[in-house]
Amino acid sequence: MKKLYTTLTDILKGSGYNVADWGEDSLEPDERTLRLEVVEQEQLAASFDMYSATFTVTFLHGDWAENAVKLSDALMTFIPMEDRQDNDSKNLPDNSAKLTLLEVPQFSDILCEYDSETAEEEHSVSVTIYYQY
């Protein structure tokens with residue numbers, strides 16, 4: 001899980017998010033812009049290093065629509081260039097050497113929590129990926 005978490009945080013940090021490193025809670029709450037939690041990881045084919053994983057991303061600041069696009073774009077960089085279907089995703093960098101997504105990620109359980117005292121919103125989404133190293 002650590003390898004997956006580290007790979008994801010590297011890409012998310014490159015997209016402008018502040019997220020704590022693996023096993024750390026080193027960021028002050030007002031500095032952190034995103035929480036990442038790897039919920040489960042399962043090996044599908046040992047001889048091919050193929051896995052499935054589900055992780056939750058919680059955006060602590062910003063607009064849901066903007067954050068969803070940034071997350072989607074960040075994850076699309078793990079799909080090899082020749083496997084991308086649309087022209088917009090072909091303009092994104094290729095990070096498939098770090099982790100190769102075998103298909104487009106599936107988003108589910110999109111939630112919005114609103115704190116009436118602070119007027120702040122948190123948006124979270126569960127993401128399921130199939131990948132190999």
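What percentage of the 133 residues of the chain count as buried? In this predicted model, 40% of the 133 residues count as buried. The legends below begin with the whole chain and then turn to individual regions.

**Figure 1. Overall view of the chain, with three helices and five strands.** Taken along the principal axes, the C-alpha atoms fill a box of roughly 50 × 35 × 25 Å. Among the contacts with a separation of 6 or more, 51% come from residues 24 or more positions apart. The chain exposes about 7800 Å², and carbon and sulfur atoms supply 46% of that area.

**Figure 2. Strand S2 and its two antiparallel partners, S1 and S5.** Strand S2 spans residues 50-59 and is mostly covered, with nine of its 10 residues buried. Strand S1, residues 34-45, is joined to S2 by 10 bridges. Within this pairing, Arg35 has Thr58 of S2 as its bridge partner. The two strands S1 and S2 form a hairpin with four residues between them, and Asp49 in the turn has a positive phi of about 50°. Strand S5, residues 120-132, is likewise joined to S2 by 10 bridges. In that pairing, the bridge partner of Phe59 is His123 in S5. In a regular strand, side chains alternate between the two faces of the sheet.

**Figure 3. The hairpin of strands S4 and S5.** Strand S4 covers residues 106-115 and runs antiparallel to S5, to which eight bridges join it. Cys112 stands opposite His123 in S5; His123 is also the bridge partner of Phe59. Four residues lie between S4 and S5, and Ala119 in the turn has a positive phi of about 60°.

**Figure 4. Helix H2 and the elements that cover its buried residues.** Helix H2 consists of 13 residues, numbered 64-76. From its first C-alpha to its last, H2 reaches 18 Å, close to the 18 Å expected at 1.5 Å a residue. The buried residues in H2 are Asn67, Ala68, Leu71, Ala74, Leu75 and Met76. An α-helix has 3.6 residues a turn, so residues three or four places apart point the same way. The cover over the buried residues of H2 includes helix H1 (2-14), helix H3 (87-90) and strand S3 (100-101). It also includes strands S2, S4 and S5.

**Figure 5. The two salt bridges of the structure.** Lys13 forms a salt bridge with Asp21, and the closest N and O atoms of this pair are 2.4 Å apart. Lys13 counts as partly exposed because its relative accessibility is 34%. Asp21 is also partly exposed, with a relative accessible area of 35%. The other salt bridge is formed by Glu122 and Arg35, with the closest N and O atoms 3.2 Å apart. This pair links distant parts of the chain, since Glu122 lies in strand S5 and Arg35 in strand S1, 87 residues apart. Glu122 is partly exposed at a relative accessible area of 28%, and Arg35 is partly exposed at 36%.

**Figure 6. Thr9, a residue of helix H1.** Is Thr9 buried or exposed? Thr9 counts as buried, because its relative accessibility is 2% and the cut-off for a buried residue is under 20%. Leaving aside neighbours within four places in sequence, Thr9 is in contact with Val19, Ala20 and Leu36.

**Figure 7. Leu60, in the loop between S2 and H2.** Leu60 is buried, with a relative accessible area of 10%. Which residues are in contact with Leu60, leaving aside its neighbours within four places in sequence? They are Arg32, Thr33, Leu34, Arg35, Glu121 and Glu122. Arg35 and Glu122 in this list also form a salt bridge with each other. Asn91 is 31 residues from Leu60 in sequence, and their C-alpha atoms are 28 Å apart in space.

Methods: Residues are numbered from 1 along each chain as its sequence is written. This is a predicted model: local features need pLDDT of at least 70, side-chain atom pairs count only at pLDDT 80 or more; totals for chains, interfaces and linings use all residues. Side-chain values use heavy atoms; hydrogens and water are left out. Buried means under 20% relative accessible area, exposed over 50%, partly exposed in between (1.4 Å probe, protein chains only). Two strands pair if DSSP finds at least two bridges between them. A salt bridge is a side-chain nitrogen of Lys or Arg within 4 Å of a carboxyl oxygen of Asp or Glu. Contact means heavy atoms within 4.5 Å. Accessible areas come from the Shrake-Rupley method with a 1.4 Å probe; for residues, only the protein chains shown count as cover. The expected span of a helix is 1.5 Å times one less than its number of residues.
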